[in-house]
Amino acid sequence: RGIGQAVAEQLAGAGAAVAVVSTTEPGSLAVAESLRARGARTLGLAADVADGHALDEVVARVERGLGPVDILVNDAGVALRRPMAEMTDADWDRVLSVNLSGPFYLSRRCVPGMAERRWGRVVNVSSISGRLGTAGMTAYYTFRLYFRVFEGPEVVPAAPAHAHGHGTADPHAHAAASDSA
């Protein structure tokens, strides 16, 4: 749903085989079936991106079903709107494990193959909250700020010298695709 679904639709429309991973199987299967109905090669899977062991199985299933991962889009995210004083340790841990550890876990599993094939892209979806912050969003703000560091050849040594770093997009540019989600 949302930006993730819009990205999946664009990649499938450009001819890419697309694996859709969501926390719920019905969610990922619905998007995958929608893409398949348009002629795309696709696979829908459910996993918790904070669980590295589950991601081992996800990557293995994707590679068996669709081939090597050439483009990884890290779009999973949890945002809890609570003042810091009301946030529990478990809340903090969940936001950081999904939003920061999950992309690291997936990238660590996919980037070596990209480097071996000498081609690949890792797209880390972030938000303006990583620069501006939002009241009641301490954990989310912290994650997005640090997530911006996790890009490019200085962090991923296998990345080629021409790797792309930070970018911004107008969130309204995705409105048409997101509204259909």
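Q: What makes a residue count as buried, exposed or partly exposed?
A: Relative accessible area decides. Buried means under 20%, exposed means over 50%, and partly exposed lies in between (1.4 Å probe, protein chains only). The areas come from the Shrake-Rupley method, and for residues only the protein chains shown count as cover.

Q: What kind of model is this, and which pLDDT values does it use?
A: The model is predicted: local features need pLDDT of at least 70, side-chain atom pairs count only at pLDDT 80 or more, and totals for chains, interfaces and linings use all residues. Residues are numbered from 1 along each chain as its sequence is written, and side-chain values use heavy atoms, with hydrogens and water left out.

Q: Why is G39 called exposed?
A: Its relative accessible area is 63%. The cut-off is over 50%, so G39 is exposed. G39 sits in the loop between α2 and β2. Its C-alpha atom is 9.1 Å from that of G15, 24 residues away along the chain.

Q: What makes a stretch of chain a helix or a strand?
A: Both are DSSP runs, numbered from the N terminus: helices are H or I with at least four residues, strands are E with at least two. This protein has 7 helices and 4 strands. From the N terminus, the order is α-β-α-β-α-β-α-β-α-α-α.

Q: How do you know that β1 and β2 pair?
A: Pairing needs at least two DSSP bridges between two strands. Strand β1 (residues 18-22) and strand β2 (residues 42-46) have 5 bridges. So they pair, and they run parallel. V18 stands opposite T42 in β2.

Q: Is T42 buried or exposed, and how do you know?
A: T42 has 10% relative accessibility. That is under the limit, so T42 is buried.

Q: Why is a crossover called right-handed?
A: Point the strands away from the viewer. If the path from the first strand over the helix to the second runs clockwise, the crossover is right-handed. β1, helix α2 (residues 25-37) and β2 form such a β-α-β unit. β3, α4 and β4 form a right-handed unit as well.

Q: How do you know that β3 and β4 pair?
A: They share 4 bridges, in the parallel sense. I71 stands opposite R121 in β4.

Q: Which residues make up the two faces of β3?
A: In strand β3 (residues 71-74), L72 and N74 form the covered face, while I71 and V73 form the uncovered one. In a regular strand, side chains alternate between the two faces of the sheet.

Q: What makes R38 and E9 a salt bridge?
A: A salt bridge is a side-chain nitrogen of Lys or Arg within 4 Å of a carboxyl oxygen of Asp or Glu. The closest N and O atoms of R38 and E9 are 3.7 Å apart, so the pair qualifies. R38 lies in the loop between α2 and β2, and E9 in helix α1 (residues 2-13), so the pair ties together parts 29 residues apart in sequence. R38 is exposed at 55%, whereas E9 is buried at 15%. The structure holds 7 salt bridges.

Q: What makes I71, W119 and V123 a patch?
A: Patch residues have over 30% relative accessible area and no salt bridge; like charges are joined within 9 Å, nonpolar side chains (Val, Leu, Ile, Met, Phe, Trp, Tyr) within 5 Å. I71, W119 and V123 make a nonpolar surface patch of about 250 Å². W119 has 42% relative accessibility, so it passes the area rule. W119 sits in the loop between α4 (89-117) and β4 (121-124).

Key. Accessible areas come from the Shrake-Rupley method with a 1.4 Å probe; for residues, only the protein chains shown count as cover.
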